[in-house]
Each structure stands twice: as structure tokens, then as C-alpha cells.
Amino acid sequence: MMTLDSHHHFWRYTPAEYGWIDDAKKLIRRDFLPADLQAVLSAAKIDGAISVHARQSLAETDWLLSLADQHDFLRGVVGWVPLASAGVEAVLQEYASNQKLRGVRHVVHDEPDDQFILGDAFNRGVSLLKKFDLRYDILIFEKHLPATIEFVDRHPQQVFIVDHIAKPRIKTGEIDAWKRNLIELAKRPNVYCKLSGMVTEADYNTWTPAALKPYFDVVLNAFTPSRVMYGSDWPVCLVAAGYQTWVDTVRDWTKPLSATEQARIFGQTASEAYGL
């Protein structure tokens, strides 16, 4: 069984490009590159990983693809392209020739318009992705789930992958609205979900596996292991948990599952969803 981390980032840190790394996250104000990731993956017995962009630029997509071409353990890339641009089809045509590009995403939760995901130009771009065998990663906050359900329904043949379980408000213990909307979203069979980004939606210093488990249970019951995949969100996760701590937490949660179900979560689901 090939084990996969479905979500991590690389960067060469500069304050100008990574302004979102505030004082609370100062631990990650440094470079994180393939050798760093390979070391923690090896220690955690994870075979490969999918790189996800941390900057919204074609230069970032180019860089991640170049790293993936140099390192076999980087199995795929989720890059950025200008989906709302009138010329996006030509861009997709160019980039889709690289087989390591498996998907794209946009940082929807940073857009000032909470309805951004329903914009006409953006949806025209998304409607082209299936033609190029590309997936779309959904990066949102919990509040965006109702609009996201409408968005997904516009593209019933497109594969979608929800990042960070749609960022519920774990720190304040709120679960009901997120649970209701996530269960509704999971009724769409073309949507997968990443078990990632949970520790950084909780209190960095006081979170416990027991406090996060109700959110894990919602995801597992809504999507089933066939559409759930492990992801670390490394190195962002490091502000709240070391890599080994996070992978051990997810492994402990999945111990009651069958070996087949665990294999889905720790590799097969991501491999299927991203067409690896």
C-alpha cells in the first residue's frame, strides 16, 4: 500500500510574500523545502505527498512542478491558475501537459466577497477543468459552505476536494452549522474531503485529540473512508503539532476501522481522487 500525505506546502520565506505568517505562527518563518519534508515523511512512514500552492501565481505553480519533477516522492501538484481570466483555457492547455499537475485551487476564503465562489467568470474557468483532467481543491471557511454547495451543483462531473474539512470553528467548539452543511455537501459523490488543517483551527496550545474527534467523526460518517484522505498541512501544522503528532492522531482515530478503510484514508482515496 502506498501511503500519501494529500496536502503540504513548500516556501522560501520572505515577510513580503508570506504576510499571513503572523507572530502567532513565527515558528514557521523560515524556508521549508523538499529535503525537510522527505525527512518527516520517512520518519512517519508516509511514502509520498501532494504539493499545494502557498502563493497565488503561475510562478508558484512553475516552481512546485519543477520540484515535483526533481523528486519522485512528490506525486502531484495542486497549483494556481487565473481561473477568472478570459484567457484561462490557453493557460490550462499549457500546464495540463505536465502530468504532475493534478489539480488547481483558489484561496476563496481570503476573498472579500463571501459569494466569490459563485462568480460567473470564476465558474467559467472551473467548467474547463474536467477537459484537462484537473481537480479543484475547495479552500473555504465554514461560513462559505452554503454557497459552496450551490457551486458544486453547477459542476456535477467535476472532481472536488475539500481542504481542511472546510475550516470549522474548532477553537470555540462550534459544530452544528458546519456539521449540517458538510453532511449536505457530502451527498455529492464527486466531492472528497481532506483530514487536514484541524489543529490550526483549534487552540494551538491546548487542543487535544479528544476535542477534535467529534469533527473527525462527522467527516468520516458524511464522506465514508472512500472519500476521506489524510493530509498534514505541513509546515503550517507545526505551529500547533509536529508532523508525527498529527499523523499519530489520525492513525489512532482510524484504529477501529478495517485495514481496507485505513488504506483508503492513508493513500488510496488521494490516489483515486487525484488520478495518480
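**Helix packing and cores**

Author: Helices H5 and H6 are roughly parallel to each other, because their angle falls under the 35 degrees cut-off. Bear in mind that this is a predicted model.

Reader: What is the angle between H5 and H6, and how far apart are their axes?

Author: H5, residues 145–153, packs against H6, residues 176–186, at about 5°, and the axes are 10 Å apart.

Reader: Which residues make the contact?

Author: On H5 they are Leu145, Pro146, Thr148, Ile149 and Val152; H6 supplies Trp178, Asn181, Leu182, Glu184 and Leu185. By class, that gives seven nonpolar, two polar and one charged.

Reader: What else does Trp178 touch?

Author: Leaving out residues up to four places away in sequence, Trp178 touches Glu142, Leu145, Ile165, Ala166, Pro168, Tyr215, Val218 and Val219.

Reader: And the largest nonpolar core, how many residues are in it?

Author: That core has 89 residues, and Trp178 is among those with the most contacts inside it, along with Tyr136, Phe151 and Met198. Helix H7, residues 209–223, gives the most to this core: eight residues.

Reader: What lies apart from it?

Author: Another core of 10 residues, including Ile50, Ile161, Tyr192 and Tyr274.

Reader: New topic. Where does Ala96 lie?

Author: Ala96 is in the loop between helix H3 (88–95) and strand E4 (101–106).

Reader: Is Ala96 buried or exposed?

Author: Ala96 counts as buried, because its relative accessibility is 19% and the cut-off is under 20%.

Reader: How far is Ala96 from Val159?

Author: They are 63 residues apart in sequence and 16 Å apart in space, C-alpha to C-alpha.

Definitions and conventions: Residues are numbered from 1 along each chain as its sequence is written. This is a predicted model: local features need pLDDT of at least 70, side-chain atom pairs count only at pLDDT 80 or more; totals for chains, interfaces and linings use all residues. Side-chain values use heavy atoms; hydrogens and water are left out. Axes are lines fitted to C-alpha atoms, for helices over the stretch in contact, and angles run from 0 to 180 degrees between N-to-C directions. Helices (H or I, at least four residues) and strands (E, at least two) are DSSP runs, numbered from the N terminus. Angles under 35 degrees count as roughly parallel, over 145 as roughly antiparallel, 65 to 115 as roughly perpendicular and the rest as oblique. Contact means heavy atoms within 4.5 Å. Ala, Val, Leu, Ile, Met, Phe, Trp, Tyr, Cys and Pro count as nonpolar, Asp, Glu, Lys and Arg as charged, and the others, Gly among them, as polar. A nonpolar core is a set of buried Ala, Val, Leu, Ile, Met, Phe, Trp, Tyr and Cys residues joined through side-chain atoms within 4.5 Å. Buried means under 20% relative accessible area, exposed over 50%, partly exposed in between (1.4 Å probe, protein chains only).
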